[in-house]
Amino acid sequence: MNLSLISTNIVPANAKWAFTTRRVNKSDVVGLSTEFLHAVPGDLVLGQIMTLGQHKKIQLAEGRPAESYPGDYVVLACGDRYAPDQYEGVAELDPEGADLIAGGGLLGRMRAAHLNMMQPTRVKPLGMLLNHQGETINIAHYSLPMAAIPKDITVIGVVGASMNAGKTTAAVSLAHGLSRAGLKVAGIKATGTGAFGDYNAFRDAGIPIVADFTDAGMASTYRQPIDRIEEGFKALIAHAAAEGAEVAVVELADGIFQLETAEILRSSLIRDCFSGVMFAAPDALGAVGGVAHLRQLGLEPFTVSGMVSCSPLAIAEAEAVTQVRIASRDELRDPVCATELVSGFMTIASVAPREAFIGYERAA
């Protein structure tokens with residue numbers, strides 16, 4: 001092993017630790033290794049920004065964005081990324097310069113980009129972080145413990161047609177509505193790329209229990225084995241249940257044709273845990289196609305939401321063909337509507353009486 005330095009101050013004090021590193025104990029870092037060819041997803045890397053490109057900010061572990069400047073020291077996770085509207089990237093580190101492929105803190109090699117994207121911000125890897133045992137520090141070392149899923153928690157899946165179809169807004173709105181109805185709700189992001197946007201969205205909606213796949217030890221779930229994603233999912237749901245959650249609203253990233261999402265929906269422990277599925281679509285055609293595909297998989301969505309719900313005409317088109325109710329963000333946030341939507345597959349014993357919601361719109 002090429003151990004370049006042993007020091008309690010191996011990482012500069014002004015280094016910016018990205019969101020993907022948020023569970024790491026910084027005092028565990030005692031050295032650096034420059035064996036970059038051995039890097040695997042989740043390994044932590046100290047780097048220095050060379051040139052600014054698409055991502056001009058780093059999402060920090062403490063949950064806020066920080067402007068980036070050439071010369072900044074950053075601590076990122078090596079990782080893969082799948083984002084049709086942005087980059088596809090793989091967990092490979094070039095010692096001469098690597099690509100910042102996600103603002104939440106993923107470093108790798110960009111191999112495909114949307115036409116609207118700039119070149120990635122370039123980062124020079126200085127070394128992979130080592131612990132007292134001489135091991136490369138990986139975020140998997142700090143994951144929630146693996147555990148079985150209790151039977152007394154209802155799991156609702158939220159999937160969509162694509163990036164930017166409105167999945168997160170739909171998931172957060174439903175979680176908000178069920179929470180306002182008196183249920184203890186968890187917001188879970190089970191797959192995707194490490195970033196604080198969805199995490200913070202659940203927090204902003206007042207959801208008391210929030211976790212994502214980074215809590216399960218993955219900087220990104222792209223190119224992870226399905227059994228690893230399932231184990232992470234089990235840990236997340238078990239954690240939510242241990243915190244008292246009665247229902248977990250679980251978002252899966254990207255569209256239903258994304259490799260891991262498609263495999264999950266075809267046959268997986270995750271699919272088997274879903275009591276109900278909500279679909280998010282960008283427009284009427286996306287709603288029709290998505291619902292048809294889910295039905296081919298044996299999944300009947302209890303409602304459709306997303307960007308399609310912003311247009312009364314699109315709602316009418318989609319409902320006429322799918323025969324599935326299209327629910328807007330405001331409807332999902334309404335406690336009466338939210339509980340009615342899920343009443344077909346869950347018994348809601350702890351919901352506040354209906355009269356408690358009188359004046360909800362005025363209060364909200």
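This is a predicted model: local features need pLDDT of at least 70, side-chain atom pairs count only at pLDDT 80 or more; totals for chains, interfaces and linings use all residues.
## Close-up views of packed helices, a cavity and a pocket

Residues are numbered from 1 along each chain as its sequence is written, and side-chain values use heavy atoms, leaving out hydrogens and water. H6 spans residues 284-296 and H7 spans residues 312-322 (helices are DSSP runs, H or I, of at least four residues; strands, E, of at least two). Their axes lie 8 Å apart, at an angle of about 25 degrees (lines fitted to C-alpha atoms, angles from 0 to 180 degrees between N-to-C directions). H6 and H7 are therefore roughly parallel (under 35 degrees). Look for Ala284, Ala287, Val288, Val291 and Arg295 of H6, which meet Ala314, Glu317, Ala318, Val321 and Thr322 of H7 (contact: heavy atoms within 4.5 Å). By class, this contact has seven nonpolar, one polar and two charged residues (nonpolar: Ala, Val, Leu, Ile, Met, Phe, Trp, Tyr, Cys, Pro; charged: Asp, Glu, Lys, Arg; polar: the others, Gly among them).

**Helices H1 and H2 also cross in a right-handed way.** The axes of H1 and H2 come within 9 Å of each other, crossing at roughly 25 degrees. H1 and H2 are therefore roughly parallel to each other. On the H1 side you can find Thr168, Ala171, Val172 and Ala175, and facing them in H2 are Asp198, Ala201 and Phe202. Five nonpolar residues, one polar and one charged make up this contact.

**Helix H1 packs against helix H9 (residues 335-342) as well.** Here the angle is about 105 degrees, and the axes of H1 and H9 are 8 Å apart. That makes H1 roughly perpendicular to H9 (65 to 115 degrees). From H1, Leu174, Gly177, Leu178 and Arg180 take part, and they meet Pro335, Ala338, Thr339 and Val342 in H9. This contact divides into five nonpolar residues, two polar and one charged.

**The structure holds one cavity of 30 Å³ or more.** Here a cavity is a set of points on a 1 Å grid where a 1.4 Å probe fits but cannot get out, and lining residues have an atom within 4 Å of a point. The largest cavity has about 60 Å³ of space. Its lining includes Tyr82, Thr191, Gly192, Tyr222, Asp254 and Glu260. Strand S16 (247-255) and helix H4 (259-266) are the elements that give two or more residues to this lining. Three lining residues are nonpolar, six are polar and two are charged.

**The largest pocket has a volume of about 600 Å³.** A pocket is an open set of points with protein on both sides within 12 Å along at least five of seven lines, and a volume is the space filled by probe spheres set on the points. The pocket is lined by 30 residues, of which Arg81, Met163, Thr168, Lys189 and Asp198 are the closest to its centre. Strand S8 (81-82), H1 (167-180), H2 (196-204) and S16 each supply at least two residues. By class, the pocket lining has ten nonpolar, 13 polar and seven charged residues.

Note on methods
Angles under 35 degrees count as roughly parallel, over 145 as roughly antiparallel, 65 to 115 as roughly perpendicular and the rest as oblique. A crossing is left-handed if the near helix is turned anticlockwise from the far one by less than a right angle, and right-handed if clockwise.
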